[in-house]
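Welcome to this short tour! Open your viewer, keep the selection tool at hand, and follow along stop by stop.

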Amino acid sequence: MPPNPFPSALTVRRRLPTRSVGPRTWILVLGLLTAGLVVVFMTIGLSGNLSYVLPLRANKVAAMLLVAYAVGISTVLFQTVTGNRILTPSIMGFDALYILLQTFLAFTIGTQALLTMGAGTRFVLEVLLMVGFSWLLYRWLFIGGGKSLHLVLLVGIIFGTLFRGMSSLLQRLIDPSEFVVLQDLFFASFTNVDPSLLGVSTLAILAASAVGWRIRNQFDVLALGRETALSLGVDHKRTVTRVLLICSVLVAVSTALVGPITFFGLLVASLAYQLSAVFRHKYVLALAVLLGAIALIGGQLVLERVFGFDTALSIVIEFVGGIVFIALLLKGSIK
């Protein structure tokens, strides 16, 4: 009897590749791991005046969770708008703008006045300037349909190089002792986060998240491309404008709160896409946030317990992230 040319549904199902771990399982596992790291961070080596130690650690954890959320969400949404998994707000010159702003303030008013300036005043100033710049740049680049990816990369490189060149010029003109103080502001740090800024940062992030929540069902459509989104009835220009506003606010708040972490967003977004094979934003966004929280809290534990505060957390993250990202490129995972 000849073989049946039409195999049964059970046979087809057996032939299809199966994925042992789904995105929901990964979210559950990473969520439990994040909760475990928070408990370890809050309790390890706990001694002395608990009324002082516990609030200090709680502020660090809150800052790390806020940054993980802001950077993870903004990077994934930014990549959705640009249609490319390599681009991030940091690559587009955002961190270079932050360094230029700090250098310009130190050059004009001095590092002593910069450090003694009210934390709220400096925070609001940095956020407004970075949001304004990113809003104008990203809207010009991505709202119009005629801008190519090559132009985006070129403009980002030009602005980043311009900002770094201006920063370098101003740094050579200031006093060397002031430059040493200024250099500490160029690296992200979670040890000196002002507790008064956590509430303001949370409100700003919640406001941006509220805008994103209202258009959350359109994220997957935007990932299909401009023409497809338009054919499916999505107001592409209006939706992309909102997404860029969300990205601008989230990245500005994160950078103003702790400082720049250039490679962090690219790392967590790339790993989130690897764990979520379905590429649905509700899974990818959650995975990116959890991976960011694990990287920051785990990295801070390594920084404090292994290196003894001898290096910056951003250096540890950039080193590990560089290795992981190169491995992903070699595997051909990122197109």
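Start by selecting Arg226, which is partly exposed at 38% relative accessibility. Here, buried means under 20% relative accessible area, exposed over 50%, and partly exposed in between (1.4 Å probe, protein chains only). Before moving on, note that this is a predicted model, in which local features need pLDDT of at least 70 and side-chain atom pairs count only at pLDDT 80 or more, while totals for chains, interfaces and linings use all residues. Residues are numbered from 1 along each chain as its sequence is written, and side-chain values use heavy atoms, with hydrogens and water left out.

**Salt bridges**

The term stands for a side-chain nitrogen of Lys or Arg within 4 Å of a carboxyl oxygen of Asp or Glu. Glu227 is exposed, with a relative accessible area of 58%.

How many salt bridges does the structure hold? There are 3.

For another, select Asp220 and Arg280, whose side chains meet at 3.1 Å, N to O. This pair links distant parts of the chain, 60 residues apart: Asp220 sits in helix α10 (residues 219–222) and Arg280 in the loop between α13 and α14 (281–305). Helices are DSSP runs (H or I, at least four residues), numbered from the N terminus.

Next, go to Arg122 and Glu126, where the closest N and O atoms of the salt bridge are 3.9 Å apart. The two residues are separated by about one helical turn because they lie 4 residues apart in helix α6 (residues 119–142). Is Glu126 buried or exposed? Glu126 counts as buried, at 2% relative accessibility.

Time to look inside. The largest cavity holds about 140 Å³ of space. To find it, select Val71, Ser90, Val251, Thr255 and Ile261, the closest to its centre of the 18 residues that line it. A cavity is a set of points on a 1 Å grid over the protein atoms alone where a 1.4 Å probe fits but cannot get out, and lining residues have an atom within 4 Å of a point. The volume is the space filled by probe spheres set on the points, which are joined across faces, edges and corners.

**Last stop**

Finish at Leu54, in helix α3 (residues 50–82). Leu54 is partly exposed, with a relative accessible area of 31%.

Conventions:
1 Å grid on protein atoms, 1.4 Å probe; cavity = no way out; pocket = protein on both sides within 12 Å on 5 of 7 lines; lining within 4 Å.
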